[in-house]
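Hi,

Here is the structure I promised to send over. Have a look at it first, and then read on for what I found.

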Amino acid sequence: MRSKIAGVGYYVPETVVKNADLELLMDTSDAWIQERTGIQERRYGKAHAETTTTMGARAAEIAIQRAGITKEEVDFIIFATLSPDYFFPGCGVLLQRELKITSLEAPALDIRNQCSGFIYGLSIADQFIKSGQYKNILLVGAEMHSMGLDFSSRGRNVTVIFGDGAGAVVVQPTESEGILNTVLHSDGTYAEELAFINPGCHGGYHLGKEAFGYTDQNYGGIFLTEKMWNEQMIFPTMNGPLVFKTAVVKFQEVILEALNKAGLQAEDIDLLIPHQANLRISQFIQQKLNLRNDQVWNNIQKYGNTTAATIPIALGEAWEAGKIKEGDLICMAAFGSGFTWGSVLLRW
Ligand code: ACO
């Protein structure tokens with residue numbers, strides 16, 4: 001038993017935020033952003049009207065319809081995001097409620113893994129399909145970054161690259177080739193080099209023994225402290241150059257690892273969908289793998305980096321554009337916070 005992507009859908013919010021709009025908020029420029037990242041604009045969801053979950057649901061509805069199933073047939077949900085609506089519960093159950101598919105009481109699994117979230121999710125879906133446990137897995141990657149970015153000049157290296165959006169696929173069993181292999185990696189050595197650290201339980205405000213009556217002062221606290229708030233330590237931070245340098249190496253390695261496992265070469269790839277973190281990273285990989293422009297799909301110019309949503313949005317766009325035909329060899333690869341990285345090789 002193998003698995004295949006039976007339907008793909010995506011949703012991007014209406015509001016277009018151009019580089020010039022960000023120039024009004026922080027010390028940046030359209031020229032800098034385009035030159036360093038390739039990004040021209042990104043989308044932002046409507047605050048308090050849209051969330052990671054609602055955007056994910058819109059993408060999921062399209063994927064479900066294209067897979068030719070009813071939403072009640074979804075027997076497992078996997079949701080990947082780094083910008084969940086709540087700390088807990090995760091977006092998986094919220095999506096289930098939003099889609100009104102609670103009747104089956106299908107399990108919902110939330111995964112993190114940031115930019116590699118979709119690749120990790122697809123690998124998990126692949127295993128569950130191969131084991132025969134589920135038949136219609138809904139995998140969603142969605143992000144509402146705009147609600148958690150630093151719009152002052154201090155956050156400019158991170159803020160300009162991120163956008164909001166959602167993508168989804170339905171994964172089903174197939175007797176044809178489908179997913180050939182998935183490769184996953186991580187290295188926690190660099191966890192804080194690209195991270196959203198506060199608020200969090202590692203450094204919250206310690207309430208101490210007065211509040212709890214414990215003799216051990218280590219008990220009790222809250223996630224957010226006055227210091228975190230006053231010093232605005234509540235945004236994602238990134239060591240951009242380190243991430244960039246590591247990404248270009250690991251992307252290439254993980255794509256070649258998947259190809260080697262399948263006994264294939266880079267030239268066999270019909271379409272490479274690299275995670276859209278920076279157009280310069282994608283171009284570097286394309287050059288290293290000696291791929292033509294028509295073998296690589298990039299859309300970062302329009303959407304920025306939508307983290308877990310990036311690959312399914314790009315896959316959906318490429319499919320709609322007729323760039324993916326039956327029998328094509330598709331390679332998807334991602335690298336991001338953690339560090340985590342991975343690839344999926346499939347025959348469409
Ligand atoms: N506008 C203007 N100037 C800026 C901006 C900005 N938006 N951001 C940074 N700068 C300045 C810096 O302050 C610095 O100035 P200085 O030389 O006076 O100190 C200068 O530009 C160069 O800064 P770098 O950080 O070295 O810039 P770099 O060329 O590396 O580009 C970028 C930054 C675009 C973030 C790049 O490092 C990058 O793309 N990194 C990888 C991102 C990535 O792959 N992320 C993984 C996925 S995300 C995830 O997993 C959640």
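Leu272 is in contact with Ile255, Ile285, Leu289, Leu291, Gln295, Val296, Trp297 and Cys331, leaving aside its neighbours within four places in sequence; contact here means heavy atoms within 4.5 Å. Before going further: this is a predicted model, in which local features need pLDDT of at least 70 and side-chain atom pairs count only at pLDDT 80 or more, while totals for chains, interfaces and linings use all residues. Residues are numbered from 1 along each chain as its sequence is written, and side-chain values use heavy atoms, with hydrogens and water left out.

Back to Leu272. Along with Ile255, Leu259 and Leu345, Leu272 touches the most other members of the largest nonpolar core, which has 42 residues. A nonpolar core is a set of buried Ala, Val, Leu, Ile, Met, Phe, Trp, Tyr and Cys residues joined through side-chain atoms within 4.5 Å. Buried means under 20% relative accessible area, exposed means over 50%, and partly exposed lies in between (1.4 Å probe, protein chains only). At least two residues of this core come from each of strand E8 (178–186), H9, helix H10 (279–288), strand E14 (329–336) and strand E15 (340–347). H9 gives the largest share, eight residues. Another core lies apart from this one; it has 32 residues, including Leu122, Tyr134, Ile330 and Leu346. In soluble globular proteins, nonpolar side chains tend to be buried together.

H9 covers residues 240–262, and Leu242 sits in it. Leu242 has a relative accessible area of 23%, so it is partly exposed. Not counting residues up to four places away in sequence, Leu242 touches Tyr190, Glu193 and Phe339. From Leu242 to Lys261, 19 residues along the chain, the C-alpha atoms are 28 Å apart.

Now to the protein as a whole. You will find twelve helices and 15 strands; these are DSSP runs numbered from the N terminus, with helices (H or I) of at least four residues and strands (E) of at least two. The radius of gyration is 20 Å, close to the 20 Å that the globule rule gives for 348 residues, so the protein is as compact as a globular protein of that length. That radius is taken over C-alpha atoms, and the rule is 2.2 Å times the number of residues to the power 0.38. Of the 348 residues, 53% count as buried. Among contacts between residues at least 6 apart in sequence, 77% join residues at least 24 apart.

The loop between helix H11 (300–303) and helix H12 (310–320) is worth a look, and Asn305 is found there. Asn305 counts as buried, at 3% relative accessibility. Not counting residues up to four places away in sequence, the residues that Asn305 touches include Cys115, His145, Phe162, His275 and Thr310. Thr307 is in the loop between H11 and H12 too. Thr307 is buried, with a relative accessible area of 1%, and has a positive phi of about 45 degrees although it is not a glycine.

A few backbone details remain. Gln232, in the loop between helix H8 (226–230) and strand E12 (237–238), has a positive phi near 50 degrees. The peptide bond from Phe88 to Pro89 is cis, with omega near 0 degrees, and the one from Asn198 to Pro199 is cis, with omega near -5 degrees.

Best wishes
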